[in-house]
Amino acid sequence: MKMTPSEAFVETMVSNNVTDMFGIMGSAFMDAMDIFAPAGIRLIPVVHEQGAAHMADGYARVSGRHGVVIGQNGPGISNCVTAVAAAFWAHSPVVVITPETGTMGMGLGGFQEANQLPMFQEFTKYQGHVNNPNRMAEFTARCFDRAMSEMGPTQLNIPRDYFYGEIDVEIPKPQRLDRGAGGEASLNEAAELLAQAKNPVVVSGGGVVMSGAVEECKALAERLGAAVANTYLHNDSFPASHELWCGPLGYQGSKAAMKLIAKADVVLALGTRLGPFGTLPQHNMDYWPKDAKIIQVDADNKMLGLVKKVSVGICGDAKATAIALLDRIKDKTLVCDANKAERLANIASEKAAWEEELDNWIHEKDAYSLDVIEEHKGEEGSWLHPRQVLRELEKAMPKDVMVSTDIGNINSVANSYLRFEKPRSFFAPMSFGNCGYALPTMMGAKVAAPERPAVAYAGDGAWGMSMMETLTCVRHNIPVTAVVFHNRQWGAEKKNQVDFYNRRFVAGELENQSFAGIAQAMGANAIVVDTLEDVGPALKEAVRLQMEEGITTVIEVMCTRELGDPFRRDALSTPVRHLEKYKDFV
Ligand SMILES: Cc1ncc(C[n+]2csc(CCOP(=O)(O)OP(=O)(O)O)c2C)c(N)n1
Ligand SMILES: [Mg+2]
């Protein structure tokens, strides 16, 4: 059919069911943008393109659909890089559309000229470059197909003059992969290991969330009577109310999960790449069971055995594989049937012990934390203990909530207190670990699921990087609730200065303005919380306003400077100085 490349581009997005995009307008793609609305596509303008790409990520993660981001060539596109990297490590089907300098100007150093493919090379699964306007629909379609089949961001790079002209083209139909359970041999071998296991434990990862496999994971775990641990930052990969759930592994995770997996003889790691950060020692426990047989299931064969040694690697879709494994063991007598009751009792008692420990863990007890708690004695107004705040927030969380967390000390401690009943509910920056993630990601999630309550956590440092998107919440009616932990420091990094640099604080303090005041100036509602009793009611009221009146609220929680365990002690070493002038800096 005869059309312009702009029309071919837009029509291909329509055939991929695109209804929302995030970005900032620009001349580079104005010809196509002009027909977004009649095509049924809403372009949500943001404050900064990093926010747009995070929104696309959140949108994709909550809906399982494509998240789409677009911007002006050059700076609009380079502004997206950090957020696309985060989407890459979250395996999100984000399509980043990057209009580029026109072909007649390339290489001349013109305005906003940049070579945009290398910028995203490391953080995309596929890069489509429209090298001829006649191929606009073909490359657009391939980017949308590959984002789904490869489970990650793809880039569509379009020289800006290629939107114009006249082409004869057929709009391709979306091609979606029909995923399977994996090879017979590996499935049989895994089923045999499970049948012989005395103490099997299941690890449920992001692949379980993405493939919609929670029910299948549940059925398999129930047949085995196995404890189920969530992988790091995938707390929504198994329902927290289930008797077999034992919480997340890894940084600030659940001691119950770590103790239970430490004793496993067979681990079924379902839908997880077993990334390096996810199984780091924690709470002084090196819990990964080195002698256990590990069955790893991942949809990407390159992840099998990459980080952890495995006995059986299954290249399969978590859902299909769980079904295939259950089929193989359901009617058999399993070795672990004999001690099922005993194992269930053990799960219950480990969980109860961890809950009790959390209930009594009112504040951090290391020397630095005790000192900073002391510094406020006798002051007017309260500075709250982060752990107590996090427990109160947990208790006040609405049903069906979506929560995003940022990178920071308090946000990491939050991991122990975030529990979910259903998948696609918890969003964190995963392996890229960038501050400034939580608010825009939650906004994208809210656009995809306006019927669900949306809550973003951020430390005061990270909040500074992202809070301007509050303007977007207000301008474009995307109501969310943000909880800002005001502890006047870049706490997570300062913790390293406590542990390794003798409390020599360089660039770690943040003497802040009022975040409530800033939020109000941006047109949002704000609540300052400085007593523990107010934490839960503040969250409940903010969520009520969000759901009933479409109002965005920033809850500013005044916290002490105490600091929980650091991300990783393994990454730093004690300072050594050879020069006389630095001799005291050890
Ligand atoms: C974009 C980016 N810059 C810097 C860092 C390094 N970093 C990790 S945590 C952190 C401190 C976060 O401080 P804040 O948001 O106030 O949370 P807190 O640790 O105080 O709870 C920093 C600077 C990062 N992860 N990402
Ligand atoms: Mg802070």
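## Terms and basis

Ala, Val, Leu, Ile, Met, Phe, Trp, Tyr, Cys and Pro are counted as nonpolar, Asp, Glu, Lys and Arg as charged, and the others, Gly among them, as polar. This is a predicted model, in which local features need pLDDT of at least 70 and side-chain atom pairs count only at pLDDT 80 or more, while totals for chains, interfaces and linings use all residues. Residues are numbered from 1 along each chain as its sequence is written, chains are lettered from A and ligands numbered from 1 in the order in which they are written, and side-chain values use heavy atoms, with hydrogens and water left out.

## Surroundings of ligand 1

Ligand 1 is surrounded by 18 residues (each with a heavy atom within 4 Å of the ligand). The closest are Asn409, Asp460, Gly461, Ala462 and Ala492. By class, this shell holds seven nonpolar, nine polar and two charged residues. The most comes from α18, with four residues.

Polar contacts are pairs of N or O atoms within 3.5 Å. An oxygen atom of ligand 1 lies 2.7 Å from an N or O atom in the side chain of Asp460. Polar backbone atoms also take part: one of Ala462 is 2.8 Å from an oxygen atom of ligand 1, and one of Ile410 is 3.1 Å from an oxygen atom of the ligand. Of the 590 Å² of accessible area that ligand 1 has on its own, the protein covers 80% (Shrake-Rupley method, 1.4 Å probe).

## The pocket

The space taken by ligand 1 is the second largest pocket. A pocket is an open set of points, on a 1 Å grid over the protein atoms alone, with protein on both sides within 12 Å along at least five of seven lines; its lining residues have an atom within 4 Å of a point. A molecule sits in a pocket if more than half of its atoms lie within 2 Å of its grid points.

The volume of this second largest pocket is about 690 Å³ (the space filled by probe spheres set on the points). Its lining comprises 38 residues, and Ile407, Gly408, Ala492, Glu493 and Phe567 lie nearest its centre. The lining divides into 20 nonpolar, 14 polar and four charged residues. Helices α16, α18 and α20 each supply at least two of the lining residues.

## Cavities

Three cavities of 30 Å³ or more are found in the whole structure (sets of grid points where a 1.4 Å probe fits but cannot get out). The largest cavity has a volume of about 50 Å³. Its lining includes Asn16, Asp20, Tyr59 and Arg65.

Technical notes:
Polar contact = N/O pair within 3.5 Å; in protein donor to acceptor, adjacent residues only side chain to side chain.
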